[in-house]
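Thanks for coming, everyone. Please have a look at the model on the screen, and then I'll walk you through it.

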Amino acid sequence: MAEGTQRRYEAPCPGCGAPVPFQSAQSTHAVCAYCHSSVVRQADALARLGRIADEFTDYSPLKIGATGQWRGKAFTLVGRLQLGNAAARWTEWQAVFDDQSLGSLSEDNGSFVFSVPRKVSGSLPAFKDWRVGRSHVLGGETFAVGAVTEASVLAAQGELSHLPEPGKVFGVVELRNDAGSVCSIDYASEPPAVWLGAQVPLDELQLAGLAGDSVRKDEGRHFNCPNCAARLEVKLETTKSMSCPSCDALIDLSAGIGGELKHAIQDEPVRPLIPLGTVGQLRGASWQVVGHQHRSGTEPGEDEVFAWQEYLLYNRKEGFQFLVDAEDGWSLVKPATGAPKVSSGGKTATYLGKRYQLQYSYRAETQYVAGEFYWKVERGQVTENSDYASGQHLLSLEKSRDEWTWSVGERLDSATVAKAFKLDQKKDLFKRGDATPLSSDGWSVGKVVLFVVAVLIVVMLERGCDDCDPQVENCSSTSGRWGGGSYGGSSSGGWHK
């Protein structure tokens, strides 16, 4: 915060006597840095509410005391809350502007959203009355209900404008619209707190005083595989599921790693073309492959099963994105902050001013996973998907019972993908339907005829003997398919088919 504009308040902790500072007049709660007591301001004194965990086993580049700019206004990060449930976990950082107004910088499916408090006229629906997928008008803007879930406080640190009772479960509703806005309604207080914001790259916030890049040495992030006893390490704080590289068992980490771990045996392992741990350069950023999924899909009323591969990519500042390997090309997709506006018949969708046409609707199922994932992934997980396209630009909706998630992306040339991950020597293995032999230079009429004849022979042989199982491997098809990613609390997210 700029010097001379601070109105600092400080009082002794009722638990240990240590000083507890407040930089904002609107902050009513804080966590003592010495004894971890949660305290509330009452006139000129502090009252102790209890003890709360402040162990954030994360690798976030943010930290308390970091400063930045948002829409021309300077702010300081003064506190943070970690919230979660069995399916997901997220962090909200409290920001205080120089004029003492409040903001919030939260992590949203691997991205960041900056929000400010929003006053609404009239009363809001009761938490139990919200339904995923429905529309709601708030402050003159129309939103789609993206998620209706319950959460509780897992940890807290620093100075906070509100602090829900630790362990108490409360409702959270997320609204999104086609302009990229995100509205969060927190039912931990009465009336519910409403925050309105939008996705923002960290670099645009001009942040200073960020945490270092060092990796935490935390023995609590190591454990033995419950199936084969191999020693495993959890590399990402947000990991909810991971596979064992020794026996391919899929392990559920959503309840932590201190108790009995649930796991599932995975037969017929699928080996990714791009190995886990590989680092590549895409769109000017460095991405590491941390997870891999093999998924399959079926269209309504059809028996044909198609398949695709998804690579979960991670960048410390950009969050997570998905590199998708489908039979007719590669694509790079990421979670969409807002919710596109879909036409009444569902044939078109509009997002950030761009109009997309519906291509496919189908049921998707996860067949095999490897690596680490920031949501609870399960083999056999099923979602209902709809894919839209506008030229090279892609849009996808993935629906589960409690959440509708959108993702947006664009197609990539196969040679670009191979070069990005320094696998040029295997570039022929990356070729898909986006790179046909007819597009090469030097093709004479005779070669074209020979190629067509060869294709006809292959098609006839495939009709007579089809041994490929798309639930285990990528199988070519006579019809075009796109690929996509998956994301979110209960699923994944991207351009799937």
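First, the ground rules. This is a predicted model, so local features need pLDDT of at least 70, side-chain atom pairs count only at pLDDT 80 or more, and totals for chains, interfaces and linings use all residues. Residues are numbered from 1 along each chain as its sequence is written, and side-chain values use heavy atoms, with hydrogens and water left out.

Now the overview. The protein has 3 helices and 31 strands. Helices (H or I, at least four residues) and strands (E, at least two) are DSSP runs, numbered from the N terminus. There are 497 residues, and 49% of them count as buried. Buried means under 20% relative accessible area, exposed means over 50%, and partly exposed is in between, with a 1.4 Å probe and protein chains only.

The accessible surface comes to about 23300 Å². Carbon and sulfur atoms hold 50% of that surface. Those areas come from the Shrake-Rupley method with a 1.4 Å probe, and for residues only the protein chains shown count as cover.

What about contacts along the chain? A contact means heavy atoms within 4.5 Å. Take the contacts with a separation of 6 or more: 57% of them are between residues 24 or more positions apart.

Next, the strands. Look at E15, residues 193-199. Two strands pair if DSSP finds at least two bridges between them. E15 runs antiparallel to E10, joined by 5 bridges. E15 also pairs with E14, residues 181-186, in the antiparallel sense over 6 bridges. A hairpin of 6 residues joins E14 to E15. Which residue of E15 is the bridge partner of Pro-117? It is Trp-195. Trp-195 is also the bridge partner of Ser-184. A general point here: in a regular strand, side chains alternate between the two faces of the sheet.

On to salt bridges. The count is a side-chain nitrogen of Lys or Arg within 4 Å of a carboxyl oxygen of Asp or Glu. The structure holds 10 of them.

Start with Arg-118 and Glu-141. Their closest N and O atoms are 3.6 Å apart. Arg-118 sits in the loop between strands E10 (111-117) and E11 (135-138), and Glu-141 sits in strand E12 (residues 141-160), so this pair ties together parts that are 23 residues apart in sequence. Arg-118 is partly exposed, at 25% relative accessibility. Glu-141 is partly exposed as well, at 26%.

Asp-129 counts as partly exposed, at 39%. Lys-128 is exposed, at 62%.

Now two single residues. Ser-106 lies in strand E9 (residues 102-108). Ser-106 is buried, at 15% relative accessibility. Leaving aside neighbours within four places in sequence, Ser-106 contacts Thr-91, Glu-92, Ser-111, Phe-112 and Val-113.

Then Lys-347. Lys-347 is in the loop between strands E26 (341-342) and E27 (348-351). Lys-347 is exposed, at 55%. Not counting residues up to four places away, Lys-347 touches Tyr-356, Gln-357, Leu-358 and Tyr-388. The C-alpha atoms of Lys-347 and Leu-358 are 5.0 Å apart, though the two residues are 11 apart along the chain.

Last, the cores. A nonpolar core is a set of buried Ala, Val, Leu, Ile, Met, Phe, Trp, Tyr and Cys residues joined through side-chain atoms within 4.5 Å. The largest has 19 residues, and Trp-308, Leu-312, Phe-322 and Trp-375 touch the most other members. Strands E23 (306-315), E24 (319-326) and E28 (354-373) each give two or more residues to this core. E28 gives the most, with 5 residues. Apart from this core lies another, of 18 residues, including Trp-287, Trp-330, Phe-421 and Leu-423. In soluble globular proteins generally, nonpolar side chains tend to be buried together.

That's the tour.
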